[in-house]
Structure formats: structure tokens, C-alpha cells
Amino acid sequence: MDRRKRKRGCGVLCLLLAAAAGAVLFGCRDSIAALLRAQQEKIMETAALEDASTEDGGQEQAGAGEGSAVSGEPSGTEKYYFQQLDEREREVYGKIRDGLLAFQEEIELEDASTEEIDRLYGLVMKDYPEIFWCDGAGSVVTSSASFGLSGRSAALRPEYNCSEEEKEERRSRIEAEADQCLSGIDSQAGDYDKILYVYEYVIGGVEYDLSAPDNQNIYSVFVGRHSVCAGYAKAVQYLLERLGVFCTYVSGTAVSRSGEGGHAWNLARCEGQYCYVDATWGDPVYLQEGREEDQEAQESPEIAYDYLCCDDTQLFRTHTPDSDQELPACSTMAYNYYVVNGMYYETYDPETILQAMNRSIAAGEGMTVLKFSGPEVYREAREEVLTDLADRAARNLAHLYGIGTVRYSYRDDDSLDKITMYWDYE
């Protein structure tokens, strides 16, 4: 028996056995594409009315209602950061939002400081992933009254990443791709299934690429198919909002194998419970950054679900939200993928773990995922799982399939309290 421990908790084991000969998701769905298109047409029609009101000099609607760019948006599109503002801040926020929607080159904002404008501009961008033609860059021009008059004025000059004509063409392409994506969702699906669907769609259809153009907005996801964390998080937000699931954008920092840096992910609400979603950290292309993996894992990387509907305890081990964001407590793992699918262990019982591995082998599955609830349970399980239990499961594999040479590998990650076993049936 040859055991070789690789860097960063990745290893390969080879077991030679003289084995005895052994005998060895989707159903029909109701499309909601038509409903989504009708919803989007309603939103665009109302937005056009608001733009006309702004052009006429009216500002009554700025900052009104739920903080949405239009009245009558579905409840799933509640704007999280808008809800935290006072009445005056909502007014400035609304003017910035309406100016961006109208593609204004200069947005007049009376009696607002540069710091306030910068903060509220950023909150609009977090609340509105559909404003893809602006990534939050720009400048503020201020002036003070003269000749004994009091007061000051300011104007925001946003930077747009395309022309107004290009914006409409890009919008059409984004909406077509989003409609195609969402046509596969059962109209009766619950929050968890919608979040899972969107999570897998974004990860499966997009490659993590630091050099991708437009990588701070959703165009890079739906059209470019290459993006970074900002694009991933905004695409998840955009799709879940269209499905009526609350989701917002969270910024901060995260510590990965390549070091600490700026990062973005999502806060969502699943069946009434707040949780975090980070599609970037579920992407195997991103996860392989800076790793030395065994060849088998490189050829068939799998999606990671540690950050699909996770709680504060899981997320805050690696992620730190920006301090200027007020976020609700996320205190449950009930809707985490591994919990829902019976791969989560709050205590360590050797026979339970062995049975899980044997079930995977009997079903011919390529891997067994063992996700533990915390470091103590993980450390208690690790040594026995990777030696005795893995060998016993391999013997069962050899007997069941009549294989004389059994090879299996593993990846253990102490930052996630997770062990993944990979089974070779050839």
C-alpha cells in the first residue's frame, strides 16, 4: 500500500488487493419564460415613464416606494440597501438611480456631499445588477453659492462602459440568455431549488477569468461567459430577483490560497431564512487557482457546494464583509447543499461514514463527500477516514466489482472541514 500526501491536504492512495470474484433531473417542467418576459416588459414600460418624468424636470418619484427603479416590481426584487436609508438619503439615491437608468452624463444633486454621493452611488450599483452599462466609476463636481447666498450643489458624472445604442443591444442579448436559462425552472420550485439552479447555471456556464472584459457586470456572464466574482455575484442576484427570490450583493474581502483580496458574493433568503451564496467559490476553475492537484481531479473537477446557502460560521472563516454594510444574522445551515443531500455530519460515527462510502460505491458514484460541522469533528474523523475506513470501503469495492487492483484518491480541506473520496472502478 502506497500513500502519498500532496500539498494543501490533497493526497493519493493506491490499494492492491487479491480480490475474490464478485457478482457483480429533470422531469417535465412548466416553462415560466413567458411570465418572465411579460414581467420584464412591464418593468421596462414603467421605467420609460420614469425617464420621461425626469426629462420633464419632475423628481417626485425619486426614492419612492420599495427603492426599485420602477413601481410595481415583483416583491422578490426588494432593494436591500435602499431599505436601510433615511428619507433624505433615499431622495439622493433615487436621483442617482434614475439618472443612471436615463443614461444621463451629469446627475444634479443639491446639498449632497462628495462622500455621501460616493456611498449612495455604490449602494445603487449593489442594488441594481441590471444597470450593467455602469460599473460604479465616475467623478463628482461640486460648487458653492456666491454673492452672500448659502448652499452648495454637486453633480455626479458617471462613467459608462458602452454607448446608449450599445446598451440596448447588450440588454437584448442579456435578456435572451436569461430567458433561455430561466425557461428550465419549474414554476412551482421552492427557494432552495431556484438558488441551486442559478448557482449551477452560473458556475457551469462561466469561466473564472481575471482578464475578462466587462468582468464587473452581468454582460461578462451572459454574453462573454468569462468573469470574476463581481460578475458572478451580480448574475446570481439578477436571476434570483427575476425568480422572486430575495438576493443582494455583498462586498468585502476573502482569504484564499493565493492570499487575501477584495471579493463579492450574495446574501439570499431561502424559505424565509437568510443565508450566504458564493458562486465564485463553488467554481472548480477558481478553486484550482494556485493549487497543485492530482491529475484525476484536474481532468474531472466538481462544483463545490460549501457556500451554497451557508451560515455565518462557515462564511466568516474565510470572508469578511465590508464594515459599512449592515447584514442580518445567517444562523442556519438547514438549506446548505450538503445538509439537504445527507452529506453533513455533526458528530463522528465510523460506521455511519463507512456506510456512506459503501452506498456511493454500490451506486457506482465517482466520489463520496463527507462534510463535517466544524474543526473538532473533522479532526476526530480525518485520520481514521483516510486510513482504516477508506481501506475497508476499497475492499468492498474490489469484492463488489471483481477488481484486483483498486485505486482511490482523496482531497481533504481543513478550511472547509470536508473530505472528498474519489473511487476508481477500472
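1. Helix H6 and helix H8 are oblique to each other. The axes of H6 (residues 191-205) and H8 (residues 229-242) cross at roughly 140 degrees and come within 10 Å. Axes here are lines fitted to C-alpha atoms, for helices over the stretch in contact, and angles run from 0 to 180 degrees between N-to-C directions. Helices (H or I, at least four residues) and strands (E, at least two) are DSSP runs, numbered from the N terminus.

2. A word on the source. This is a predicted model, in which local features need pLDDT of at least 70 and side-chain atom pairs count only at pLDDT 80 or more, while totals for chains, interfaces and linings use all residues. Residues are numbered from 1 along each chain as its sequence is written, and side-chain values use heavy atoms, with hydrogens and water left out.

3. H6 passes H8 in a right-handed crossing; a crossing is right-handed if the near helix is turned clockwise from the far one by less than a right angle, and left-handed if anticlockwise. H6 brings Lys194, Ile195, Val198, Tyr201 and Val202 to the contact, and H8 brings Tyr232, Ala235, Val236, Leu239 and Leu240. Contact means heavy atoms within 4.5 Å. By class, nine of these residues are nonpolar, none is polar and one is charged. Nonpolar covers Ala, Val, Leu, Ile, Met, Phe, Trp, Tyr, Cys and Pro; charged covers Asp, Glu, Lys and Arg; the others, Gly among them, are polar.

4. H3 (residues 87-101) packs on H4 (residues 114-127) at an angle of about 60 degrees, with axes 9 Å apart. H3 and H4 are therefore oblique to each other. Their crossing is right-handed. The H3 side includes Arg88, Val92 and Leu100, and the H4 side includes Glu116, Leu120 and Asp127. The contact has 10 nonpolar, no polar and six charged residues.

5. Look at Arg88, in helix H3. What does Arg88 contact, leaving aside its neighbours within four places in sequence? The partners are Asp111, Ala112 and Glu116. Arg88 and Ala112 are 24 residues apart in sequence, and 9.8 Å apart in space, C-alpha to C-alpha. Arg88 is partly exposed, at 38% relative accessible area. Buried means under 20%, exposed over 50%, partly exposed in between (1.4 Å probe, protein chains only).

6. Next, the rings. The structure holds 21 aromatic pairs. Rings of Phe, Tyr and Trp (its six-membered ring) pair if their centres lie within 6.5 Å; planes under 30 degrees apart are stacked, over 60 edge-to-face, and the rest tilted. Tyr208 and Tyr286 form an edge-to-face pair, 4.8 Å centre to centre with 70 degrees between the planes. The pair links distant parts of the chain: Tyr208 is in strand S6 (residues 207-208) and Tyr286 in helix H9 (residues 284-287), 78 residues apart. Tyr208 is buried, at 13% relative accessible area. Tyr286 is buried, also at 13%. Ring pairs join Tyr208, Tyr232, Trp281, Tyr286 and Tyr307 into a cluster.

7. Last, two loop residues. Glu271 has a positive phi, near 50 degrees, though it is not glycine. Glu271 lies in the loop between strand S9 (259-270) and strand S10 (273-277). Asp417 has a positive phi near 55 degrees, in the loop between strand S15 (405-413) and strand S16 (418-423). Glu271 is partly exposed, at 40% relative accessible area, whereas Asp417 is buried, at 2%.

Terms used. Parallel < 35°, antiparallel > 145°, perpendicular 65-115°, else oblique.
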